[in-house]
Amino acid sequence: MIYDFLLKLTGSEIAAGFIQSLLPLFVFILPFALIAVLLERKVSAHMQDRLGPMRVGYHGIFQTVADILKLMQKEDIVTDNSDKALFNIAPVLVFTGSYAAFAAIPFSGAFIGSNIDLGLFFIVAVSGLVVAGILMAGWASNNKYTLLGAMRSAAQVISYEIPTILVIITIVMITGTLNLYTLSELQTGHFWNWMIFGGPSTGLIKVAFIPFMIIGFVIIYISTLAEVNRTPFDIPEAESELVSGYHTEYSGMKFAMFFLAEYANMFAVSAIVAAVFFGGYQSPFGYLGNSLGISWFIPIEQFFWFTFKGIFFVLVQMWLRWTLPRLRVDQLMALCWKYLIPIAFVNLLIVGLITVL
Amino acid sequence: MKTTEEIFNLLKEKFGESIIEFKTGVPVEDFIVVNPFEIDKVCTFLRDTDSYQFNNLMNLSGVDDANGKKITGEQGEVKLEGRTFSLFYHLESMSLKQKVTLAVRMPGENPEVSSVSEIWRSADWHEREAFDMFGIKFLNHPDLRRILMPYDWEAGYPLRKDYKNPEFYQGMKVPY
Amino acid sequence: MREYFNNIWLGLTTVFIGMNVTFKHLFKPAVTIQYPDVKLLLPERERNRLYVNMDDCIGCDQCARACPVSCISIETVKSLPTDDLGKTSNGKKKALWLTKFDIDIAKCCYCQLCVFPCPTECIYMTDVFEFSEYKRENLLYSFVTLTPDEIAEKKNNFEKAEAEKSAQKAAAAAKKAEEQAAPKENKPSAEKPEDKKE
Amino acid sequence: MPVKTEEMILNMGPQHPSTHGVLRLELLLEGEIIKGVKPHIGYLHRCFEKHAEAMTYPQVIPYVDRLDYLSSMYNEFGYVTAVEKLLGIEVPQRVEYIRVIMGELQRIASHLVAIGTYGADLGAFTPFLFAFRDREKILSLFEITCGARLLYNYIWIGGLSHDLHPDFVRLAREFIPYFRPKIKEMNDLLSYNKIFVERTANVGILPPETAINFGVSGPNLRGSGLKWDLRRNDPYSVYDKFDFNIPVGEGRMGTVGDCWDRYFVRILEMEESLKIIEQALDQLPEGDVTSAIPKRVKPPIGQVYARVENPRGELGYFIISDGSVNPFRVKVRAPSFISLSVMDELCRGHMIADVIAILGSIDIVLGEIDR
Amino acid sequence: MPMLTEFGKIFIFLLTAILFVVVAVVAAKLIRPSRPTREKLLTYECGENTEGTPWVKFNIRFYVVALIFLIFDVEVVLLIPWAMVYQSFGFSGYIVGVIFLLLLGLGMAYEWRKGDLEWERPKIVPPVLAEKMNLEKPDQLTPKEISI
Amino acid sequence: MGLLDKQFTDDNIIITKVEDVLNWARLSSLWQMGFGLACCAIEMMATSASHYDFDRFGVIPRPSPRQSDVIIISGTVTLKMAIRIKRLYEQMPDPKYVISMGSCSNCGGPYWEHGYHVLKGVDRVIPVDVYVPGCPPRPEALLEGLLKLQEKIRNESLVKKTA
């Protein structure tokens, strides 16, 4: 565990905790956001027979760096009519909410910010902070677009939390743990031990689990998509209706924070899906470190696999985004309440039945 | 399918004095000149009678006939006296495949005409445009405001032939 | 109930069909033309910046009259019989000094109406489109080949000649005053020599 | 739950990503529900009719281009039809055929923009770019013919400015098999997509009676289920020589006359246009295209109303001539101008997102509305 | 030395995040210009003047969503402890959960039935004009009949 | 009071380097305000579409003026619209740039003579950085205008101009 290593190094728990808390930010989120924004533009471009950023560095690899540097230079506008205190707090809250989720995500066997037993539950709970931030941003801007966007966003995020939790409960019923580290460790070995393939259980039960696990996966993927406001669920920031939704009035660095939070969130939810259904940081084929006998190499491999899986799901998010139109707000609610929740319910009951049998 | 002349004769029978004139000529489309205050009644009749069924108002256009005497004022501005404004109504019956053109003539000083926007909703915006461009007043129009020009445009009606452009609008210089 | 499951089915399948389309395009080569590096070969009829070949221009003003936006302004001075202006490439004789041939390219609407009436085909649209400017004044193109001094000189020459001519004419007119009621009484000093030769 | 909430006025536009230009919609909202829509137009009022009075007849054509800038060819077509009717001149057959080919290509290009931006309005950005990619092919066809990409000044009174480029027929024939699969792709990607269908079906239903009374024409009228196309019902040029269908809204996904129908009529019309182009290319006669152009256009005193089937509907020109070289009055019956006036009726009771769907489905061009 | 709990670590994460945003915004402040004008500080509404305030009594619909969510969320949270341990009680443990879930499902079915899951919106009436309109059926408007 | 508000009187290597980096960032990431007026707007859309691809230059359309750096006035500016354009421009955060695209916004274009409702040149209400001629300009011409604008940004300086 890196924490123990840092503890030895610094001798102070606070310092170790602090350094550890910086790690995901600087080692992971910022580079990830830089890459993901570029990736998004590149993927979308190639899907549309275009090229995407080409002029800043080789194939535009420094595009996002330029974007961030430019956003730093932009004037920060706080309108006269806005509620200035809330207006300034909102980006902090939004970013904090999405960053806190990273505390419980196991990046590899050797690194997990906070190995709490409530892991999954904590992540779901703390993303509520984001809702508060969004509502705050929308309200404080004193702008009709932002307010409508924030309202929609809040309604959407909280609605889609229920199917997420229901699917998580389904997993908890099988594994009996909420701790993401334990959950990942449970799925060790090869890919057939992943939860999507019935998890570590064996025999007929495992086979019986598979269809329900797939249903569960689809539900959780759809609802996490909605929770991070991606197309087809991007109505809160629906460009063609509400200009750009709750962050219409934000400019410069504060806008960059919203942007960063969005991409951090995208990875966070992908990571949850990967950790819950696709073995977290576990390799699908066994470790090179094991076969070569280099034990310190294993966590690095694990980190690689985790990132790989996370980014894969992020890519699917992008793929969906550049394919689909967006839903209307009432259809979005209907999808959640009439389709996802009942199906998740039934799924839960059946999985429970299979486990006890 | 009736020709304009037949329609004119039939209308003349029905409405008498309100139907003023029938105009025809080689490149000129035939049209029927109607009294401006009776146009709504004529149009209702034309739409609702089974043998006409003019259910579509294709076009409604105002025209500044610019036919009066030219009078040069003190500051050199040109005024037209005794001129008229016209409105042309192009009607079509989509079911009977017939077309007819109606026209009304109004005096230049205070052009007023009955609105047909109750009869064909498409007339609503056409009439607003005619008001905006020529200053023709449509009686009984539900919402007679300027439509293309800004609501606070004070320099008159731009498609009149004697229109003069203002120098400034809200602090912006208008001429080149 | 049937509709409920049908909706789910349609929703999933059509999403996958759509994703299939975009996925296929992910690996298709892009159609993008990388402009500053790669330039498209423009067709021969391309209509962009106007160009006037002043060697061929006879100052007939036809283009200016055809222009719907009046962005061409031409001023000419008659040449003296002694001046030799040369011939245009299609054999027309030039008789006018062009003192002003301005095209306000900022106003131009690139409709090509000025090109067709030109008798010497000296005004035409080129395929040059890269001429954006920081200042609008730079978009006023002057095609005149004469220097301001020369222009002044030509004007002066013409005025002199005109003065002589009108003096002669006045004399001639005085002679047959009963027949002709002053065919040309214009005062050359006051009038700008704007000739509209066709 | 009949709890009274306060009404809110929301401005959409003039700067708004999906008002297709500079339209301003004033929405009266109750929560997300629309109580009324007030369109404010005139932000692009470029005084066309005043300009026309100051120009000679041929000089008006560049201005006509700029009315409906998505279908310039067709605007020219309509204008010259009117002027030729006024002059009483016949044009050579080849000219008519080329006009039809250009007009139908323009119709495809225009519908592509309509469909593409409609997708973008509803959140799908990829179809927009696909549509523009294919439109670019058509524009290059126009470009080799007359040298301009958007505003052509190609169709002249009595003829055309240039004859076809020697490569044109070959390239146009190549375009047809290239484009047919793209329509299918568009259907896969957008038309039949469940989300798209949900967004557009049963939204903004326009019954045919209302459509006629409002004067709505073109694909919007056909979307309401009425087989009314001026190319058939009031044939002009050589349209009576071609075999094509008139697609109408059938209510396949919802009710007849909803947004999906209006959208899908445009998809089907692109196929029909391809058919017409194919036939016209086959029948294209030889001849001179400039011989009938009059040197000086000076129509006799009179007036004329001529109309053509623009990609957006019935485009009519009402021209009064006083015998001089300048038209005395030109009035344009702009199809989008009329179609937009129906917005208020269509939107009532819908939600904010539906306003976008309805506005996109009636496919307006502000240049033509404001003139 | 007090042991830093796992929650303590989370707390440090939260602090880091706040710190990061503050540092980033302050750093930007060192660079960015500040040239406020009156128009710049107006609320953005597509270039128009705003009419009325957005801070109005808002649509009840959003509150209903919040209420339903609250009920469901709380009940779903109650499920979590059960989900973790029910296996040790065997089939009876499962049945207990099922009863709870069924009640929840019943509540939801009730809400569905009552129409609370629908977005409350008026019935949309297509704008049919009441006037008499002699319109033939579209199939009668076939091209063959047309003669102009 | 930020760095960009200051005007240094002396020139030194640090300022020049910082300036270069900042200018580079600004010019490589010009977010365009998604906003079209008339015919030129279609060509602007064509420029962002696949064939010409604005995204290659880092230009992406942002719906809100608060997040955009460059406003492309693409089309005829009428008097009614000019007031709104002025406000939208004002509402963009500094540093901001303006490209005037096409004849109409350069000087009224074809409508300069009889256009009673047309503003003859958008530079009467907002300062313009680059004029792109054309009616409408080809997409390449707009790209060339953008390159000109980038060139202009590259030469911007924190150092106070002396005389």
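Reader: Where is the place of Pro136(F) in chain F?
Author: Helices (H or I, at least four residues) and strands (E, at least two) are DSSP runs, numbered from the N terminus. Strand S5 covers 130-132 and helix H5 covers 139-154. Pro136(F) sits between these two elements of chain F, in the loop.

Reader: And which peptide bond from Cys135(F) to Pro136(F) do we have, cis or trans?
Author: First, this is a predicted model, where local features need pLDDT of at least 70 and side-chain atom pairs count only at pLDDT 80 or more, while totals for chains, interfaces and linings use all residues. Residues are numbered from 1 along each chain as its sequence is written, chains are lettered from A and ligands numbered from 1 in the order in which they are written, and side-chain values use heavy atoms, with hydrogens and water left out. For the bond you ask about, omega is near -10°. That makes the bond from Cys135(F) to Pro136(F) cis.

Reader: Asp49(A) is not a glycine, so what is its phi?
Author: Find Asp49(A) in the loop between H2 and helix H3 (63-73) of chain A. Its phi is positive, at about 60°.

Reader: Is Asp49(A) buried or exposed?
Author: Buried means under 20% relative accessible area, exposed over 50%, and partly exposed in between (1.4 Å probe, protein chains only). Asp49(A) has a relative accessible area of 4%, so this residue counts as buried.

Reader: What does Asn202(D) count as at its relative accessibility?
Author: Look in the loop between helix H7 (194-200) and helix H8 (208-213) of chain D. Asn202(D) also has a positive phi, near 60°, in a residue other than glycine. Its relative accessibility is 41%, so Asn202(D) counts as partly exposed.

Reader: Which residues is Leu30(A) in contact with, leaving aside its neighbours within four places in sequence?
Author: Leu30(A) is part of helix H2 (residues 13-47) of chain A, and its 23% relative accessibility makes it partly exposed. Contact means heavy atoms within 4.5 Å. With those neighbours left out, the partners of Leu30(A) are Leu25(A), Leu260(A) and Phe20(E).

Reader: Which chains have the most contacts among the 14 pairs that touch?
Author: Not every pair touches: no contact joins chain A and chain B, and their closest C-alpha atoms lie 25 Å apart. Among the 14 touching pairs, the most contacts are between chains A and E.

Reader: What percentage of the residues of chain A count as buried?
Author: Chain A has 14 helices and 2 strands, and its C-alpha trace spans about 65 × 50 × 45 Å along its principal axes. Of its 357 residues, the share that counts as buried is 69%.

Reader: In what order do the elements of chain C run from the N terminus on?
Author: Chain C comes to 3 helices and 5 strands. Buried residues make up 42% of its 198 residues. From the N terminus on, its elements run α-β-α-β-β-β-β-α.

Reader: Which residues touch the most other members of the largest nonpolar core?
Author: A nonpolar core is a set of buried Ala, Val, Leu, Ile, Met, Phe, Trp, Tyr and Cys residues joined through side-chain atoms within 4.5 Å. The largest one here has 257 residues. The members touching the most others in it are Tyr89(B), Phe101(C) and Tyr79(D).

Reader: Which helix gives the most to this core?
Author: The helix in question supplies 13 residues and spans residues 93-121. In chain D, that is helix H4.
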